[in-house]
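Here is a short note to read beside the model. Could you keep the viewer open while you go through the points?

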Amino acid sequence: DDSVSHLTSFALMYEGYTTSNIMANGAPCEDTSDVIAQELMSLPPLYEVTVSGSDTGVGDEGCSWTVTFLSVMGNPELMSVSAINGHMSTGPGHSVTVGDDYSIIRDTIAMSQPVGFEGDANLIQSELSKLSTIGTVTVSPASAVPDNFGQCIWEITFENKAGDVPTLEVARSGTSLFSTDAELNSGNRIIVTDNTVRGTSEPVSGDFRLEFDGELTGYMPFDASSELMKSSLDALTNIGDVSVTRFGPDVNRCYTWDVTFISDLGPLPILVADDLDLEGTVASMSVSKATVGDLPPFDGPDYGSRVVTDTSELSILIPELKQGIPYYVRISASNSLGTSPSIMPYPPFQIPYPQPPFPPSEVSLEPNDGSTLAVIIDAPFHDGGKDITSFRVDYNTQPFVQEKQRVSLTCSPQPEIQSVTTSATDINEVQYIVLDSSYTGNGEVLEVQNILCDATGGTFGLSLGGDTAYISHDADANDIKESLESLTMIDEVSVAFNNGKTTACAPFDGLAVGDFSVTFQSLSGMTGDLPLMTVESSGLDGARHVGITTAVDGDAPLSGSLKLSFRGAVSEAIDISLANNELANAIDSALEALDTVQQGGVIVSEVNLANGGFEKIFRIEFQGSGVGGNVESLVVVPEHLLVLGSSADAFVLSDGESYAARNGVESVTSLVGNELSGYFRLRLRGHTTESIPFNSSVDEMKARLEELPNIGQVDVQMSGPSKEMAYVWMITFLSNPGYFPPSARDVDSLETLNELSTSVESDASASIIVDTIRNGDDRLQGQFQVTYDDGHTLETTRPLQSFISAEDLKLELEALPNVGQVTIARSKSLVGYEWDIEFTSCTLKNSFEVCNDGDLRPLVASNINLEGCGSPSLGVTELSTGSGSGSCPHLNSGVCSDEGTFFNGEYPIRHDIKQLSLGTSYYVQVRLKNSLSHGYRKLSTPSHATPQHNPPGPPPPVILIESTSTSITVGWRKPTENGGKAVSGYELWMESF
């Protein structure tokens with residue numbers, strides 16, 4: 001038999017599982033494909049396959065089926081097949097034939113794997129790597145074999161995609177319901193678990209700028225469009241026209257830009273990228289030269305030169321060039337000594353294209369008669385490359401004005417405001433006033449000092465408190481008393497001799513010398529335990545020895561008064577004999593009465609010495625903004641230190657000074673108030689300020705910030721200080737380099753470098769934080785369109801970038817079918833752009849000439865996707881209302897316009913405007929025309945003229961008609977201009993010469 005039997009069937013086997021029998025020739029090959037697919041997907045290992053079938057093409061009704069294993073990763077084993085036909089069967093095997101050599105039935109079914117279609121063992125990895133947004137991945141199984149349930153786990157590592165990658169999502173084949181959990185056709189499930197390890201790197205963001213030969217562009221975003229980069233480079237004064245093409249992004253939002261220098265020739269300095277404002281993990285930029293520029297050789301087949309010797313003509317027309325080819329020019333000067341180096345213009349080339357003709361070099365206007373004006377048209381500088389075929393004379397009783405409109409794109413951006421705040425822990429200054437005393441508490445005891453004097457004559461001196469009393473060696477008790485009471489600080493003493501002595505001094509008699517005791521009854525400014533008197537014995541004779549000892553130590557409690565000073569202000573006197581609690585209140589009141597201490601600025605409390613002691617100690621805590629931080633020390637005013645008592649003294653402890661009580665157990669230590677000092681720095685992206693002092697002025701903070709290249713102008717307001725000398729600076733970002741409008745920028749939060757310290761050594765609380773008070777609006781971006789309605793058609797430009805240049809907007813508008821030639825000037829303000837559009841001339845489009853003359857309809861600017869900058873708005877205003885040709889109902893066109901045609905191309909051209917009104921002023925403009933269109937207009941000189949009656953013009957030259965020896969006959973024709981009246985006569989002159 002030469003065809004596959006309709007009774008033959010086969011079964012497929014895969015990994016121990018067998019399908020039902022499938023008819024080999026029971027249906028078309030394509031239909032059997034669906035049966036095979038259904039049978040295979042019923043096998044547990046194969047839940048998703050596709051099968052395609054086709055005729056073998058050999059005329060035996062055989063089929064060829066291709067099976068794609070979608071649910072098997074790697075290269076699966078080759079399936080086996082068994083075949084059945086009636087009572088005959090064969091297989092399993094990779095190739096089986098049912099029937100033998102002698103049977104009518106002999107059908108073969110074979111399995112094979114096409115070369116190049118082996119399964120990919122890394123199927124998940126290879127399929128994921130095909131995605132343009134994912135980068136390189138590594139897929140590895142968590143274990144070499146499935147678990148007891150046949151489950152597999154694959155770990156996917158994103159090798160070069162930065163950051164915390166969004167969770168992968170899955171969907172069953174044939175559906176688009178993606179999620180992290182999907183049920184497959186087999187009933188199995190696949191689940192995606194995110195953040196097994198979270199990526200810590202960051203994709204690129206931020207800004208950059210470019211430098212060319214010392215000039216810097218403004219900052220551009222990391223994903224700057226090709227138009228924005230071109231605009232930024234074109235804005236540099238040392239660079240001409242460039243072309244920019246952007247490629248990307250890659251998986252980390254990185255881009256590549258190709259910059260072609262069109263106007264700048266030769267080897268150029270390489271662009272330098274400032275990438276310090278880029279953010280991301282190790283974000284950087286590099287620049288390389290793809291092509292090194294070269295200068296024109298000026299020796300090619302089109303090379304030529306001209307020598308100009310007429311120095312009054314500093315221009316030349318270069319004819320016979322090839323259309324559409326860029327031509328480069330250079331020029332040098334020469335004199336009798338030599339030739340200068342040559343220089344090229346900027347831009348260095350021009351491309352010749354046919355153009356409308358230049359306007360006439362001059363248009364003169366003069367009255368011819370009462371209804372006619374004569375227009376005289378001089379030749380243009382150039383005909384535009386095509387022969388001038390005609391001219392047009394337009395006239396009106398109103399001045400000609402070209403329509404001028406302004407397209408405005410403005411916004412009201414809110415600038416970024418951030419606050420910089422320093423702070424430290426509130427630790428109040430604590431000082432102590434110590435009223436020291438050695439008083440023992442046994443009541444007042446008078447001091448007694450004993451004086452021994454061994455001398456035979458002369459005088460000696462006793463001193464106390466800086467004063468000296470001189471006493472004779474033989475003075476008695478009254479003499480000694482009077483002398484001592486003459487001292488300033490001694491009010492009263494009593495003197496008693498000892499050991500039977502009766503004079504102040506006596507020579508040693510083997511038992512004793514002069515011996516007397518002084519009891520201090522009353523002293524000024526001193527009580528209690530007194531210092532020993534000092535002696536001056538040089539005035540004595542004999543042994544001249546005087547000794548003083550304390551016989552009874554004096555003792556007295558604290559008394560007297562003192563005054564305290566703080567920041568130069570001096571308190572009232574304070575009575576220190578008061579009880580401790582009263583004295584604490586007295587000190588508190590005295591201090592708060594000072595101008596330098598606000599009410600409630602101090603808290604004064606007594607220190608209770610639990611282990612005894614009669615000194616008085618008071619703790620003074622400074623609180624409140626006026627006396628906060630590390631304050632100056634209180635001062636006991638020396639001239640008002642009038643404290644009395646045993647060893648009495650008064651002093652202040654401050655700045656960590658300590659005092660150990662006389663009881664030997666207790667002590668007090670003053671505390672320094674916490675106060676900031678030192679410096680800090682601020683950083684915006686990759687740029688860091690110089691050090692800023694903790695108490696920086698507004699001007700200094702402003703100067704430090706504006707020194708950063710990525711910050712323009714800021715306004716700084718300052719508040720503070722707090723009692724810890726902390727401040728708040730409010731910073732408003734008024735302008736930002738490279739952003740437009742300049743104040744529009746959502747500024748990254750300033751970062752701080754803290755170099756602050758506090759006056760308390762153990763305190764580490766000095767901090768500085770930055771808060772965003774108001775997010776700045778984003779820069780102006782997006783696109784808009786401009787539409788023009790000429791009354792017949794409505795035409796709209798392509799989407800235009802928000803920053804489109806005047807040159808590019810001119811190209812876009814002139815590309816519209818209903819717009820002729822325009823002149824555009826773009827200006828920038830602090831709140832947007834303005835494009836002034838003047839409709840200037842005509843253009844031939846689709847065989848029709850387009851001239852936008854007269855009072856035109858306003859352009860319409862429409863927003864496509866403008867954003868940022870605080871709600872951008874578009875508007876169109878008319879700057880100059882156009883005025884064109886007037887209305888002339890007597891002409892066929894109804895328009896005051898005459899079209900004239902050349903025949904010989906000779907200049908000047910004379911044209912008469914006729915049928916005008918006597919005494920009415922007319923304004924005139926002239927355009928020349930070649931095969932392209934009319935060119936730019938030329939207004940007449942004078943700008944207007946008035947038809948009026950004039951004398952006739954001269955007749956043509958006299959001609960000789962006949963002559964004799966004594967006479968001649970001459971004749972003439974009528975003048976071509978009669979001045980508005982019939983010629984009434986002629987006058988002929990003759991002269992022999």
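**Notes on ring pairs and surface patches**

1. The count of aromatic pairs comes to 19, where rings of Phe, Tyr and Trp (its six-membered ring) pair if their centres lie within 6.5 Å. Planes under 30 degrees apart count as stacked, over 60 as edge-to-face and the rest as tilted. This is a predicted model, in which local features need pLDDT of at least 70 and side-chain atom pairs count only at pLDDT 80 or more, while totals for chains, interfaces and linings use all residues. Residues are numbered from 1 along each chain as its sequence is written, and side-chain values use heavy atoms, with hydrogens and water left out.

2. Y328 and F349 make a tilted aromatic pair, at 5.4 Å centre to centre and 50° between the planes. Y328 sits in strand β21 (residues 327–328) and F349 in strand β24 (residues 349–350), so the pair links distant parts of the chain, 21 residues apart, with helices (H or I, at least four residues) and strands (E, at least two) taken as DSSP runs numbered from the N terminus. Y328 counts as partly exposed because its relative accessibility is 32%, whereas F349 counts as buried at 17%. Buried means under 20% relative accessible area, exposed over 50%, and partly exposed in between (1.4 Å probe, protein chains only).

3. F740 and Y833 form another tilted pair, with 4.1 Å centre to centre and 35° between the planes. F740 lies in the loop between β54 (728–733) and β55 (751–758) and Y833 in strand β61 (residues 832–845), so the pair ties together parts that are 93 residues apart in sequence. Both F740 and Y833 are buried. Ring pairs also join F740, F784, Y833 and W835 into a cluster.

4. Nonpolar side chains (Val, Leu, Ile, Met, Phe, Trp, Tyr) are joined within 5 Å, and like charges within 9 Å. Areas come from the Shrake-Rupley method with a 1.4 Å probe. V329 is found in the loop between β21 and β22 (334–335) and counts as partly exposed because its relative accessibility is 36%.

5. Which residues form the negative surface patch? They are D2, E30, D31, D34, D55 and E61, with Asp and Glu counted as negative and each charge placed at CG of Asp or CD of Glu. Helix α1 (residues 29–41) gives the largest share, 3 residues. D2 is in the segment before β1 (9–14) and counts as exposed because its relative accessibility is 65%.

Key
Patches are made of residues with over 30% relative accessible area and no salt bridge: like charges are joined within 9 Å, nonpolar side chains (Val, Leu, Ile, Met, Phe, Trp, Tyr) within 5 Å. A salt bridge is a side-chain nitrogen of Lys or Arg within 4 Å of a carboxyl oxygen of Asp or Glu.
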